[in-house]
Amino acid sequence: REQLAGEVVSNLAKPYTVSQGQHGTCNVKILDVLLNAKHPDKVADMISEVATTGKYTLPSGEVVNVPAGTLKPAQDASHHPRWNGERGFAGQIFDSTVINAHLQSNNMSFRFDQVPITDEIKSGDVYVDNKTDEVLTGVDGKPAEFKGLYVSQIVEAYRLVMGNNDSSRDWILDPISDTGPT
């Protein structure tokens, strides 16, 4: 709890120091930085609720179930203090909550979760089947690691987390194109 609280305070105080580490979450980190800078109350509430309940209630009332693998520091998130350029535990929870909010709102049959790094799983960020709890595999038979969200999916995730935020018109609400994961 001390590690998580310290990271939340640090991220809120210095949002531009938030990092993705060796994870394919660069476009999700944009939301993390934006919300830490402009809406720190939302981030603090999210991290606190997830850390204490394992769930997050979106402004719409929809409840996001955050996988158990996210609720303990994995890989670089276990370093305390966090090394420069690493994703911290607060960032791990943020990423998982936002990505799973998007997946659950679209009724996907899989979730985003954290698993130990292996020779085949480089980041620990994978898709897991909701029914079997097995890591999904691609057509190549290798584990399906998370590679990012499309611009339209980031906009949707932002709107899920922020609710009706038309009055603030954050830049993320006005995408120019959907070019795929970055």
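Let me begin with a term: a residue is called buried when its relative accessible area is under 20%. With that in mind, please look at the structure, which is a predicted model, and find Tyr127, whose relative accessible area is 16%, so that Tyr127 counts as buried.

Now to the aromatic rings. A search of the whole structure finds three aromatic pairs. In one of them, the rings of Phe110 and Tyr127 have centres 5.0 Å apart and planes at 75°, and because an angle over 60 degrees counts as edge-to-face, this pair is described as edge-to-face. Phe110 belongs to strand β3, residues 110-114, and Tyr127 to strand β4, residues 125-129, so the pair links distant parts of the chain, 17 residues apart.

What is the arrangement of the rings of Tyr127 and Phe146? Their centres lie 6.0 Å apart and their planes stand at 65°, so this pair, too, is edge-to-face. While Tyr127 sits in strand β4, Phe146 is in the loop between β4 and α5, and the pair therefore ties together parts that are 19 residues apart in sequence. Phe146 has a relative accessibility of 2%, and so it is counted as buried. Taken together, the ring pairs join Phe110, Phe112, Tyr127 and Phe146 into a cluster.

Finally, let me turn to Asn27, which is found in helix α2, residues 26-38. Is Asn27 buried or exposed? Its relative accessibility is 6%, so Asn27 is classed as buried, and its side chain reaches the backbone oxygen of Leu149 at 2.4 Å.

Note on methods: Residues are numbered from 1 along each chain as its sequence is written. This is a predicted model: local features need pLDDT of at least 70, side-chain atom pairs count only at pLDDT 80 or more; totals for chains, interfaces and linings use all residues. Side-chain values use heavy atoms; hydrogens and water are left out. Helices (H or I, at least four residues) and strands (E, at least two) are DSSP runs, numbered from the N terminus. Buried means under 20% relative accessible area, exposed over 50%, partly exposed in between (1.4 Å probe, protein chains only). A polar contact is a pair of N or O atoms within 3.5 Å; within protein, one must be able to donate a hydrogen and the other to accept it, and residues adjacent in sequence count only if both atoms are side-chain atoms. Rings of Phe, Tyr and Trp (its six-membered ring) pair if their centres lie within 6.5 Å; planes under 30 degrees apart count as stacked, over 60 as edge-to-face and the rest as tilted.
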